[in-house]
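Hi,

Here is the structure I said I'd pass along. Have a look at it first, and then read on for what turned up.

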Amino acid sequence: MARKITYQQAINEALSQEMARDPSVIVMGEDNVGGMGADGEKDAWGGVLGVTKGLYPKYGDRVMDTPITESAFIGAAIGAATCGMRPVAELMFIDFMGVCFDQIYNQAAKFRYMFGGKAKTPVVIRTMYGAGFRAAAQHSQCLYPLFTHIPGLKVVMPSTPYDAKGLLIQSIRDNDPVIFCEHKLLYTLEGDVPEEIYTVPFGEANVVREGKDVTIVTLGRMVHICMEAAGNLAKKGVQCEVIDLRTTSPMDVDTILESVEKTGRLVVVDEASPRCNIATDVSAIVAQKAFSALRAPIEMVTPPHTPVPFSDVLEDLYVPNAAKIESAVVAVKGYRE
Amino acid sequence: MTTQPSREDLLKAYRMMKTIREFEERVHIEFATGEIPGFVHLYAGEEASATGICMHLNDNDKIASTHRGHGHCIAKGVEVHGMMAEIYGKKTGTCGGKGGSMHIADLDMGMMGANGIVGGGPPLICGAGLAAKFKKNQGVAVAFVGDGGSNQGTTLESLNLATVWHLPCIFVIENNGYAEATSSKWSVSCKDIAERAQGFGMPGVMVDGHDFFAVYEAAGEAVRRARKGGGPTLIECKLNRYYGHFEGDAQTYRGPDEVKKLRETRDCLKNFARKVTAADLVKQSELEAIDKDVVALIDDALAKAKAAPKPGPKDLLTDVYVSY
């Protein structure tokens with residue numbers, strides 16, 4: 001039965017239900033228990049934002065604190081995965097991938113291919129991304145395109161509590177390494193989530209709004225900003241079709257192409273830095289595979305090619321907003337109308 | 001408590017070391033013909049280390065290796081025919097020709113991979129140790145690391161994590177004196193890498209890595225401790241490689257007779273043979289019989305590798321994911 005819970009609670013519930021079902025699922029990360037070695041109560045934190053809170057009292061040693069040593073513990077999660085465990089490791093901020101990327105892209109991503117199909121690495125790396133938290137340049141990035149670039153990794157970008165739970169359960173059960181990206185501004189978002197266990201498959205985009213005029217392809221938190229823009233545009237008589245990619249690797253190219261064949265106009269909205277991001281990738285695919293359907297140049301709405309600024313004024317300018325998306329839609333709609 | 005190898009163990013150890021040596025000497029010769037693609041890093045001269053450690057390991061135990069990984073593979077029981085074919089990039093190789101010399105892995109044998117990234121193995125071995133702890137199978141996990149890798153952050157972080165998590169891990173630092181062409185006397189900040197163990201709260205021992213018996217004894221104690229839940233150990237094996245960093249390395253950084261002298265005075269196989277025959281533990285004729293077997297085995301592996309088919313175009317796209 002569905003009831004309203006937050007994105008953060010949905011993630012916690014997915015972890016808890018999978019841990020109850022499968023003893024090989026373990027959880028680790030900085031402060032994931034939260035009181036190790038300190039005088040305070042264990043389970044004080046449950047991760048820096050409390051996402052894993054409550055798991056330690058239920059599952060004991062299967063929830064592990066780590067030193068701040070991302071290379072060692074992300075690598076350990078990967079090594080344990082090749083030895084039959086299903087670890088879910090929390091890389092607190094996606095920005096910290098820089099200190100452990102080798103273990104992810106040279107080790108986990110390549111084992112299966114390099115070892116001739118004999119390795120299985122069912123590891124999930126949960127990580128927090130995105131701007132809007134006034135957290136400045138080293139705690140606000142959207143580095144998911146870097147992971148999407150790497151063959152051997154799967155990249156998951158839930159936008160709602162429902163998807164967060166279903167995609168995380170799928171990630172844990174999946175036999176390949178998965179980078180599970182959680183937008184920090186979505187943690188408090190409420191939505192309908194069934195109590196029972198379910199999965200959301202990878203590579204199946206969600207058409208969150210149907211429309212005949214312009215296709216908007218987006219992902220993660222931007223789905224909500226695009227829906228706001230689409231609502232405003234509908235009042236002006238422009239019908240947008242909004243596609244939530246859900247996963248960037250694998251990517252549901254068919255759903256994008258079908259929509260563009262129908263609308264002939266495409267806006268791609270991506271919170272990641274503008275070069276070699278998901279927007280450029282989707283644009284290239286559409287330009288290559290649906291060129292004849294296009295009735296206007298593709299528009300991309302992204303932040304500028306700068307680090308994420310700290311000051312609230314600057315950060316608000318940096319992150320794509322509904323007004324920018326609406327302008328882009330109006331531009332493609334108005335092109336040779 | 002010391003570890004005395006049985007007669008069967010001695011014969012097994014000699015066969016293991018001889019197999020590694022013969023494998024590497026033959027790859028050295030064959031590489032010069034130009035038929036072997038890519039990079040090859042040979043382990044010849046270091047056999048006592050892989051053997052002295054792996055003699056204590058069973059199928060539950062895991063190892064992670066380095067770019068210089070052939071010896072570790074053989075010592076952990078990876079089959080030489082598959083290895084040779086892999087080095088030739090053949091479909092019959094251990095990894096179907098998709099890994100090559102630097103990525104030979106056989107997870108069924110507990111061999112988690114040679115590794116093209118210096119310091120890539122220790123974090124993975126923390127994970128293998130962690131899995132053994134959860135499975136309560138008394139498994140032990142061993143990371144082989146070079147003197148170059150001993151300076152990597154991944155290695156140092158793993159030493160810390162292994163102690164913090166109290167893991168059944170052993171870090172074997174094979175100090176062969178050179179990280180590529182750079183002397184470890186210059187690149188390592190302390191006199192002996194074994195000293196670093198103390199800073200990470202684990203026992204650190206230094207052994208003569210040319211001496212099978214020294215390695216075997218140190219490894220025996222470390223493995224026993226790990227199996228009993230006593231936590232990690234660092235073992236530094238001081239040893240030498242007989243060839244360059246990679247095949248084709250002119251080794252201008254080494255003294256003119258350095259390797260010749262090592263082969264004459266420090267060779268692990270010669271010293272092993274001398275010791276066991278002098279003590280009348282094994283007959284010279286038994287060792288000679290092993291030599292003959294091993295030469296025939298490597299001859300056969302080489303012939304089959306050369307004759308084997310290469311992967312087909314379809315193999316390019318397979319095994320990126322379990323499912324996608």
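This is a predicted model: local features need pLDDT of at least 70, side-chain atom pairs count only at pLDDT 80 or more; totals for chains, interfaces and linings use all residues.

**What turned up**

B:Arg263 belongs to helix α10 of chain B, which covers residues 258-265.

**Chain B as a whole**

Chain B has 12 helices and 7 strands. Its radius of gyration is 19 Å, which agrees with the value near 20 Å that a compact globule of 324 residues would have. Along the principal axes, the C-alpha atoms fill a box of roughly 60 × 50 × 40 Å. Of the 324 residues in chain B, 54% are buried. As for contacts, take those between residues at least 6 apart in sequence: 75% of them join residues at least 24 apart.

**A helix pair in chain B**

How do α4(B) and α12(B) pack, in angle and distance? Helix α4 (residues 80-87) and helix α12 (residues 284-307) of chain B meet at an angle of about 45 degrees, and their axes are 8 Å apart. That angle makes α4(B) oblique to α12(B). The crossing is right-handed. On the α4(B) side the contact uses B:Val80, B:His81, B:Met84 and B:Ala85, while α12(B) brings B:Leu297, B:Ile298, B:Ala301, B:Leu302, B:Lys304 and B:Ala305. Sorted by class, the residues of this contact are 8 nonpolar, 1 polar and 1 charged.

**A helix pair in chain A**

Helix α9 (residues 253-263) and helix α10 (residues 278-289) of chain A cross at roughly 60 degrees, with axes that come within 11 Å. So α9(A) is oblique to α10(A), and their crossing is right-handed. From α9(A), the residues in the contact are A:Val253, A:Ile256, A:Leu257 and A:Val260; from α10(A), they are A:Val282, A:Ile285, A:Val286 and A:Lys289. The classes here are 7 nonpolar, no polar and 1 charged.

**A glycine in a chain A loop**

Is A:Gly47 buried or exposed? A:Gly47 is buried, since 25 other C-beta atoms lie within 10 Å and the cut-off for buried is 20 or more. You'll find A:Gly47 in the loop between β2 (25-29) and α2 (55-59) of chain A. Setting aside neighbours within four places in sequence, A:Gly47 is in contact with A:Gly29, A:Asp31, A:Asn32, A:Thr52 and A:Glu90. A:Gly117, by contrast, is 70 residues along the chain from A:Gly47, and 35 Å separates their C-alpha atoms.

**Where the chains touch**

Last, the interface: 34 residues of chain A are in contact with 35 residues of chain B. On the chain A side, α3 (70-82), α4 (101-108) and α5 (111-114) each supply at least two residues. The largest share of that side comes from α3(A), with 10 residues. By class, the chain A side has 16 nonpolar, 13 polar and 5 charged residues.

Cheers

How values were computed. Residues are numbered from 1 along each chain as its sequence is written. Chains are lettered from A and ligands numbered from 1 in the order in which they are written. Helices (H or I, at least four residues) and strands (E, at least two) are DSSP runs, numbered from the N terminus. The radius of gyration is taken over C-alpha atoms; the globule rule is 2.2 Å times the number of residues to the power 0.38. A residue is buried if 20 or more other C-beta atoms lie within 10 Å of its own, exposed if 12 or fewer, and partly exposed in between; C-beta atoms are placed from the backbone. Two residues are in contact if their C-beta atoms, placed from the backbone, lie within 7 Å. Axes are lines fitted to C-alpha atoms, for helices over the stretch in contact, and angles run from 0 to 180 degrees between N-to-C directions. Angles under 35 degrees count as roughly parallel, over 145 as roughly antiparallel, 65 to 115 as roughly perpendicular and the rest as oblique. A crossing is left-handed if the near helix is turned anticlockwise from the far one by less than a right angle, and right-handed if clockwise. Ala, Val, Leu, Ile, Met, Phe, Trp, Tyr, Cys and Pro count as nonpolar, Asp, Glu, Lys and Arg as charged, and the others, Gly among them, as polar.
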